[in-house]
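Here's a quick tour of one model, helix by helix. Have your viewer ready.

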Amino acid sequence: MMTNSNATRNTLKTLKVAVIGLGYVGLPLAVEFGKFRSVVGFDNNEKRISDLNDGIDLTGEVEAQDFKESVNLEITHDETKLSSANCYIVTVPTPIDSYKKPDISPLIKASKTVAKYLNKGDLVIYESTVYPGATEDDCVPVLENFSKLKFNIDFCVGYSPERINPGDKEHRLTNICKVTSGSTLESAELVDSLYSEIISAGTHKAESIKVAEAAKVIENTQRDLNIALINELAVIFDKMDIDTESVLNAAGTKWNFLPFRPGLVGGHCIGVDPYYLMHKAESLGCHPEIITAGRRINDNMSFFAVSKLIKSMLKRCIQVEQSKVLVLGLAFKENCPDIRNTGVIGIIDELKEFNIEVDVYDPLVDPESAMKEFSIDLIGRPKEGVYDAVILAVPHKVFADMAINKVRSFGKKKHLLYDVKYLWPQNDVDLRL
């Protein structure tokens, strides 16, 4: 329950903002605030800072015009610049580790950095996706220990979960309703007022930080479960030799049928957030069955997808071992260069288990990132007539704009065209998920 406190001595007018982490979430935020007030945008990636100061955003989230309009924004990798702020907004990633457990080490590191410069009366706002309780139970103790200040006496915290949808040019930061919260009544009001400066769609002030954290983590858990249901149906319909999209189109004529499609589930949200909720639930002795089942189904879709391809290759008398397969797309979603936790890597790894030579083509993805993250050497334009199978894994517009005959030309005379994302009509391809 929030209480009154004089820990936050600043007003909306006196707030000096610093955004820590300038990725998909932090950069648009810093740029928007920079149109209205003085802002320091900090990231310890010097190459990223150099690009941004040249007006280059490799994530594609911020346009050149936005940089020009953000006249009050200073972008830097100099940590000491944070000393000028009294409101710190933390937007670092919160991934999962190899055991699919929450990795909040970037959040703890950022909290330690903020604590160096934290003064009495300051406000710290977290946007990173976490399990309910993480802000107050994990981050606040770090702020206290390294600043020697007392929570809700000397400083306050807020939580306003990010809702950035990478690659989405329609739903942008400013026109998506923002959930806000604070550790005291005063700080909650201040956080809400601050975001109201830039959010045209309005804000929703949650009753507590834990409510705001929980709201965020279930948004993507809900989507994950809906996709898992459709993926399971796709497996069932495959056994029945029924085209899944045809079934979904028929069912979709009912007004309240949800328009989900089967596919790979990855990215920094849907494929990650459920594990944060599962971790917290299990720590309390609760073992979530539906959420766990949904994750298991979605994580296994790459195995199902490749198994379907191998069976079809054998039926067509296409030699599997030492065959060549072209994978179109590496990003976790269409029209976006983001490869974090991409589901495509599962398909690539499964193909390699069969001693298949795999080429990956994705003109939107930075080749250096692909090599650093997955040791994948992206190819340039695919050669014609060399592949035993072509897999459409990500429905980028650049692939949609290709004539189907052009896509087919990458294959040998006898090949399979596998549309994992239902980009093309059923009659134009050999396989669909």
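## A helix pair

Which crossing, left-handed or right-handed, does α9 make as it passes α10? The crossing is left-handed, a label used when the near helix is turned anticlockwise from the far one by less than a right angle (right-handed if clockwise). Keep in mind that this is a predicted model, where local features need pLDDT of at least 70, side-chain atom pairs count only at pLDDT 80 or more, and totals for chains, interfaces and linings use all residues. Numbering starts from 1 along each chain as its sequence is written, and side-chain values use heavy atoms, with hydrogens and water left out.

Helix α9 (residues 273-283) packs with helix α10 (residues 289-299) at an angle of about 145°, the axes being 10 Å apart. Angles run from 0 to 180 degrees between N-to-C directions, and axes are lines fitted to C-alpha atoms, for helices over the stretch in contact. On the α9 side, P274, Y275, L277 and M278 meet I291, T292, R295 and D299 of α10 (contact: heavy atoms within 4.5 Å). Helices here are DSSP runs (H or I, at least four residues), numbered from the N terminus.

## An enclosed helix

Eight of the eight residues of helix α1 (residues 26-33) are buried, so the rest of the structure largely encloses it. Buried means under 20% relative accessible area, exposed over 50%, and partly exposed in between (1.4 Å probe, protein chains only). Among the buried residues of α1 are P28, E32 and F33.

## Out in α8

S246 sits in helix α8 (residues 244-251) and is partly exposed, at 39% relative accessible area. Its C-alpha atom is 38 Å from that of Y131, 115 residues apart along the chain.

Key. Helix = DSSP H or I, 4+ residues; strand = E, 2+ residues; numbered from the N terminus.
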